[in-house]
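Have the view open as you read.

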Number of protein chains: 2
Amino acid sequence: MFTPPFGPGTRIHDITIPFSEAVPTWPTHPKSAVEPMTRIAAGDRSNVSRITISSHAGTHLDANWHFIDDGRKLLEIPLDRWCGPCWVAAIPEAADVVEPDHLEAAAIPPGTERLLLRTRNSRQWADWNGATPIPFREDYVGVSPAGAQWLIDRGVRMIGIDYLSVGPYGPANRITHTLLLGNDILIVETLDLSRIAPGPYDLVCLPLKLAIGDGAPCRAILLERTA
Amino acid sequence: MFTPPFGPGTRIHDITIPFSEAVPTWPTHPKSAVEPMTRIAAGDRSNVSRITISSHAGTHLDANWHFIDDGRKLLEIPLDRWCGPCWVAAIPEAADVVEPDHLEAAAIPPGTERLLLRTRNSRQWADWNGATPIPFREDYVGVSPAGAQWLIDRGVRMIGIDYLSVGPYGPANRITHTLLLGNDILIVETLDLSRIAPGPYDLVCLPLKLAIGDGAPCRAILLERTA
């Protein structure tokens with residue numbers, strides 16, 4: 001019997017952070033701007049806004065080409081690499097960086113292709129109203145190069161995390177990204193997993209169809225089967 | 001038995017146009033810009049791009065607030081309004097505007113909540129490479145106010161079309177939008193339906209989670225059950 005992806009029996013969890021100029025941005029990237037362009041209240045015909053963002057702002061994904069100059073660009077990657085069964089794993093709140101020991105202890109089922117890591121990073125999204133500016137913080141939790149190697153060895157194909165970057169701040173950042181993208185493990189960043197219990201879901205993560213190719217803002221949701 | 005939304009038995013049709021500065025834009029909106037910000041080939045650490053767009057550029061959706069100043073903003077609209085069973089109807093290539101007669105003749109099943117109209121507009125997306133600039137054209141096919149009233153009377157809740165605007169160019173544009181959005185019929189615009197046969201699909205249309213609320217660029221796909 002066919003079960004439709006949406007509708008009765010399915011609960012939608014939106015794991016995307018709201019997009020405004022209040023979102024934290026990577027220190028070397030320009031601030032995101034989301035501003036009124038025309039407004040009915042000002043006598044215009046309709047409400048239209050202007051958006052200025054980097055391709056790695058807010059909830060977004062990294063194509064291989066982001067760090068690997070001969071790697072695949074966004075439009076060369078099939079959409080089902082970002083959509084399908086996934087596992088949400090909880091990393092202990094005490095962890096400052098995700099190491100192989102944390103991943104070993106997280107009860108990740110063998111064969112998991114899409115893995116989302118809920119760390120203490122998610123706490124800051126939990127009560128955010130989307131309007132109060134959140135400054136960038138260097139002490140976020142990322143995956144160490146050894147953790148990245150664990151993901152490669154375990155055959156993970158896509159990794160998601162709940163802050164702006166999958167790698168820790170500093171020199172390890174580039175190493176983690178290069179290990180992952182160089183081994184064709186795709187990346188989704190700045191997810192809000194604060195309300196997501198560990199376990200199995202269907203991930204639907206659809207990026208803007210940018211022709212330029214290094215990555216793109218996306219909308220990411222988890223479908224939970226309830227019946 | 002649970003059928004996963006992605007994977008064997010499901011074919012994904014991407015109905016989003018590629019996003020670059022080559023996309024046509026509404027005459028009163030600024031040109032979209034998608035440009036390199038950092039490039040490994042230029043000595044930078046990674047490839048990152050800068051995007052400047054209006055909230056109604058490329059494949060995008062309209063929230064009620066786009067034309068109705070006390071209407072719902074994007075984040076007030078549940079995601080499953082844009083996601084779920086939908087019907088693709090073919091409007092004859094000869095039609096200059098979508099009128100009730102065309103809709104009557106299109107064999108749209110009773111109870112259809114999400115309806116996508118494939119008109120001759122889709123022809124121009126068929127062979128486009130995403131890079132050659134396409135100028136805006138005023139003679140696109142839109143839905144007349146009488147057509148909009150037909151959709152209201154038939155209980156349609158979401159309408160998609162294959163050019164930048166659901167209403168024809170000129171004074172009728174505002175009337176069609178106001179009729180639809182004022183009666184809580186949501187809108188998706190600039191779809192590429194050139195390769196889509198009429199019939200039933202599951203629509204997955206996920207917009208950027210813009211906090212500003214009049215609409216947003218989106219990624220739209222159709223899922224076709226093949227087994």
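Two strands count as paired if DSSP finds at least two bridges between them. Keep that in mind as you look at this predicted model. Strand E3 of chain A (residues 48-54) and E3(B) pair in the antiparallel sense, over 5 bridges. To pick out one spot along that pairing, find A:Ile53: its bridge partner in E3(B) is B:Ile51.

Now zoom out to the whole contact between the chains. Chain A puts in 59 residues, and chain B puts in 59 residues. On the side of chain B that touches chain A, strands E1 (10-14), E2 (33-38), E3 (48-54), E5 (84-90), E11 (199-207) and E12 (215-225) each give two or more residues. E3(B) gives the most, with 7 residues. What is that side of chain B made of, by class? It has 33 nonpolar, 15 polar and 11 charged residues.

Next, the core. In soluble globular proteins, nonpolar side chains tend to be buried together. Here the largest nonpolar core has 130 residues, and A:Ile159, A:Cys205, B:Ile159 and B:Cys205 touch the most other members. Take A:Ile159: leaving aside neighbours within four places in sequence, it's in contact with A:Leu115, A:Leu151, A:Val166, A:Leu180, A:Ile185 and A:Ile187.

Last stop: helix H4 of chain B, residues 172-182, where B:Thr176, B:His177, B:Leu179, B:Leu180 and B:Leu181 are buried. The buried residues of H4(B) pack against several elements of chain B, including helix H3 (145-153), strand E9 (158-161) and strand E10 (186-189). After H4(B) comes B:Asp184, with a positive phi near 60°.

Key:
Residues numbered from 1 in each chain as written. Chains lettered and ligands numbered in written order. Predicted model: local features only at pLDDT ≥ 70, side-chain atom pairs only at ≥ 80, totals over all residues. Buried ≥ 20, exposed ≤ 12 C-beta atoms within 10 Å, placed from the backbone. Helix = DSSP H or I, 4+ residues; strand = E, 2+ residues; numbered from the N terminus. Contact = placed C-beta atoms within 7 Å. Core = buried A, V, L, I, M, F, W, Y, C linked by C-beta atoms within 7 Å. Nonpolar A, V, L, I, M, F, W, Y, C, P; charged D, E, K, R; others polar.
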